[in-house]
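Me: Could you walk me through this model, one feature at a time? I would like to learn how to read each feature in general and then see the case here.

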Amino acid sequence: MNWDDTAPPTSEDSAAGAPDRLVGADADGEDTAVEAALRPKDLEEFVGQERVREQLDLVLRAARARGATADHVLLSGAPGLGKTTLSMIIAAEMGAPIRITSGPAIQHAGDLAAILSSLQEGEVLFLDEIHRMSRPAEEMLYMAMEDFRVDVIVGKGPGATAIPLELPPFTLVGATTRAGLLPPPLRDRFGFTAHMEFYAPAELQRVIHRSAGLLDVEIEAEGAAEIAGRSRGTPRIANRLLRRVRDYAQVKADGVITREIASQALGVYEVDARGLDRLDRAVLTALLKLFGGGPVGLSTLAVAVGEERETVEEVAEPFLVREGLLARTPRGRIATPAAWDHLGLVPPQQRAGAGGQQGLFGA
Ligand SMILES: Nc1ncnc2c1ncn2[C@@H]1O[C@H](COP(=O)(O)OP(=O)(O)OP(=O)(O)O)[C@@H](O)[C@H]1O
Ligand SMILES: [Mg+2]
């Protein structure tokens, strides 16, 4: 999808985290194809998340020293921060095989029973989007996690019997973008919970250097810093922007990514210095120019930018709020001083104070 004025996205393809948005955090097709190559293989290579890394290192070392299977691990955090990567690292660090599945793929408890009963001792079971598992499967998982046992129901009606099935010890690694949606009994059964934070620009710069090395792209420190600053705290976005900047550097220059090349390239792709794309800027610009910074209702704001309510609320706003550019209040959306600053506009009060200048662009 593009944000072309003449082709407003339909509500269908504008679901939260629309995948083919350059600064969207969800994986698109190209990401999926290259991510395997860019994934750090062990904790040492995994950039940032210092606390999580340190704690996980202890958990895994201790288990290894005891010759035991590692405790179940829950990874929570926004898309693209490294949950899948970390699950593979856990398996690698334990020298164990990994089985990958996801909540939505497990429709029936029987599906889960089939997977669990085929695990080898010590295997890592990665359950992505664990908050989207069905209720019966979830209940089966409680017992499996705690007692390494499941009850397989055979037959139907009054004649149905539960046959207990012993499971080999395994490590469940659950991942969720919505830790708050996990029922407490499930959350409590994880021995270790890691919450992944957004990355600092300096950390993203390291991610970018590392990826550039793997992609055989020459990049200057300042070029990496430029990309890092526009990557919304998310390694997946950093890697994606790096690939687009690489294209630009190859076509328009000698292939080396300097600050200037990075900045020009991302200008072409309409990703600004703070990582806002065209949609984000349209929302912010409407809020400032048409509504004097708000408060304005979501529906009105959506009409003003020619987008669906949901697109504004779920695609654009979360990052604007996180960046402290927009606030949601009971009276409506309001812009913060940082928003005026970012778009180079002057708030109405200040304009009056500065001698009654009227120009929207200040002076
Ligand atoms: N700490 C890190 N160091 C280096 N690269 C990273 C790091 N975290 C993530 N990446 C890179 O970012 C990309 C996305 O990571 P990953 O797939 O693990 O995210 P995720 O949290 O599982 O996302 P989702 O919620 O969409 O499943 C991968 O290509 C990975 O190489
Ligand atoms: Mg993932």
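**Reading the model, feature by feature**

Reply: Happy to; let us begin with a pair of residues: valine 154 stands opposite threonine 161 in S5. This is a predicted model, in which local features need pLDDT of at least 70, side-chain atom pairs count only at pLDDT 80 or more, and totals for chains, interfaces and linings use all residues. Residues are numbered from 1 along each chain as its sequence is written, while chains are lettered from A and ligands numbered from 1 in the order in which they are written.

Me: In which sense do strand S4 and strand S5 pair, and over how many bridges?

Reply: Helices (H or I, at least four residues) and strands (E, at least two) are DSSP runs, numbered from the N terminus. Two strands pair if DSSP finds at least two bridges between them. Here S4 (residues 149-154) and S5 (residues 161-166) are antiparallel, with six bridges. Their hairpin has six residues between the strands, and glycine 155 takes a positive phi near 85 degrees.

Me: What is the order of the strands in the open sheet?

Reply: The order is S2-S3-S6-S1-S7, five strands with parallel pairing. Strand S2 (98-102) and strand S7 (192-195) stand at the edges with a single partner strand each, so one side of each has no neighbour in the sheet. From one strand to the next, the twist averages 15 degrees. For angles, axes are lines fitted to C-alpha atoms, for helices over the stretch in contact, and the values run from 0 to 180 degrees between N-to-C directions.

Me: Which strands does H3 touch as it packs on the sheet?

Reply: Two residues are in contact if their C-beta atoms, placed from the backbone, lie within 7 Å. H3 touches S1, S2, strand S3 (124-128) and S6, and its direction makes about 175 degrees with that of S3. Two of those strands, S1 (residues 73-76) and S6 (residues 171-176), run parallel and are joined by four bridges. Within this pairing, serine 76 has threonine 176 of S6 as its bridge partner.

Me: How is the protein chain divided into domains?

Reply: Domain bounds come from an automatic or database domain assignment. The chain has domain 1 (29-195), domain 2 (201-268) and domain 3 (278-353). Between domain 1 and domain 2, the C-alpha centres lie 33 Å apart. Their contact takes eight residues from domain 1 and 12 residues from domain 2.

Me: Why does ligand 1 lie between domain 1 and domain 2?

Reply: Both domains give residues to the shell around ligand 1, so the ligand lies between them. A residue counts as near a molecule if its C-beta atom, placed from the backbone, lies within 6 Å of it. By that rule 22 residues surround ligand 1, the closest being Gly82, Lys83, Thr84, Thr85 and Pro235. Helix H1 (29-38), helix H3 (83-94) and helix H9 (235-252) are the elements that give two or more residues to this shell. By class, the shell has nine nonpolar, eight polar and five charged residues. Ala, Val, Leu, Ile, Met, Phe, Trp, Tyr, Cys and Pro count as nonpolar, Asp, Glu, Lys and Arg as charged, and the others, Gly among them, as polar.

Me: Where does UniProt place the feature "binding site"?

Reply: UniProt positions use the numbering here, feature names are shortened, and annotations may be inferred rather than shown by experiment. The unreviewed entry puts "binding site" at Arg309, Arg328 and Arg333. Although spread over 25 residues of sequence, they cluster in space, with a largest C-alpha distance of 14.0 Å.

Me: Which peptide bond is cis?

Reply: The one joining glycine 294 and proline 295, with omega about 5 degrees. Proline 295 sits in the loop between helix H11 (278-290) and helix H12 (298-305).
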